[in-house]
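Please read this note with the sequence and the model open side by side. The points below are numbered so that each can be checked on its own.

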Amino acid sequence: VLVRLDSACRSHTSRAALTKCFEKTVIKEDINLECDIDMMKWFVARKLRLERCDIDIGSAEEGAETEAVRTFLRECGRHIKVMDVRDRTGTGLQLACDVSKFCTNLTELTISAGVTDVTATLLLSSCGSLRSLSFYESATSSMLEVAGRFCSSLEELTIHEETDNGIDDAG
């Protein structure tokens, strides 16, 4: 809806008023930003605040894509409270640093496929206000130890294991 409204007002005199409204908008829906660099740029340009997002920190190629993700995290990260982090390529160490630096108000974090122990340590070491932590196909004893050390406000820990029938909640 916001994108349609934004497009409709693109050339109208009410554009400035709409932009001011966007700055006050908090989007509470889960937004999947895994590979959509254009969407990240759109959120930054409109100064929208996201509370929830999914991101693949290994999906950005070097150069302009990585810089777009870093800009998104720098500009929007402080508003994000719930994040699902993946690293399907195993190359997301730099962006994990940016998540830990700019997404300081996370209360829920899901660590999914491909995230290594080193990357998880970076993510968890700055999550003092984290209340809920979930692992999908990725929990190691090292990650759990780091979570115990740095996540002092943790109320819920869930480990989902993959079974022959799909994902299973281990509790």
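1. Which residues of helix α3 (residues 37-46) are buried? They are I37, M40, W42, F43 and R46. Buried here means under 20% relative accessible area, exposed means over 50%, and partly exposed lies in between, with a 1.4 Å probe and protein chains only. Helices (H or I, at least four residues) and strands (E, at least two) are DSSP runs, numbered from the N terminus.

2. On the source: this is a predicted model, in which local features need pLDDT of at least 70 and side-chain atom pairs count only at pLDDT 80 or more, while totals for chains, interfaces and linings use all residues. Residues are numbered from 1 along each chain as its sequence is written, and side-chain values use heavy atoms, with hydrogens and water left out.

3. The protein chain has seven helices and seven strands. Read from the N terminus, the order is α-α-β-α-β-α-β-α-β-α-β-α-β-β. Of the 171 residues in the protein chain, 42% are buried. The accessible surface of the protein chain is about 9,200 Å², and carbon and sulfur atoms hold 49% of that surface; the areas come from the Shrake-Rupley method with a 1.4 Å probe, and for residues only the protein chains shown count as cover.

4. Contact means heavy atoms within 4.5 Å. Among contacts in the protein chain with a separation of 6 or more, 59% join residues 24 or more positions apart.

5. A search of the whole structure finds one aromatic pair. The pair is W42 with F43, edge-to-face, at 5.5 Å centre to centre and with 80° between the planes. Rings of Phe, Tyr and Trp (its six-membered ring) pair if their centres lie within 6.5 Å; planes under 30 degrees apart count as stacked, over 60 as edge-to-face and the rest as tilted. Both W42 and F43 are buried.

6. What follows α3? The residue is K47, with a positive phi near 55°. K47 is a residue other than glycine and lies in the loop between α3 and β2.

7. The largest pocket holds about 150 Å³ of space. Twelve residues line the largest pocket, and the closest to its centre are R52, V82, D84, E108 and T110. Strands β2 (49-56), β3 (82-86), β4 (108-111) and β5 (132-136) each give at least two residues to the lining. By class, the lining has four nonpolar, three polar and five charged residues. (A pocket is an open set of points on a 1 Å grid over the protein atoms alone, where a 1.4 Å probe fits, with protein on both sides within 12 Å along at least five of seven lines; lining residues have an atom within 4 Å of a point. Asp, Glu, Lys and Arg count as charged, Ala, Val, Leu, Ile, Met, Phe, Trp, Tyr, Cys and Pro as nonpolar, and the others, Gly among them, as polar.)

8. Is T107 buried or exposed? T107 is buried, because its relative accessible area is 13%. T107 is found in the loop between α5 (93-102) and β4. Leaving aside neighbours within four places in sequence, T107 is in contact with K81, S129, L130, R131 and S132.

9. Helix α7 (residues 141-150) contains R149, and G148 is also placed in helix α7. R149 is exposed, with a relative accessible area of 52%, and G148 is exposed, at 62%. The C-alpha atoms of R149 and L124 are separated by 9.1 Å; those of G148 and L124 are separated by 9.5 Å.

Terms used:
Points joined across faces, edges and corners; volume = space filled by probe spheres on them.
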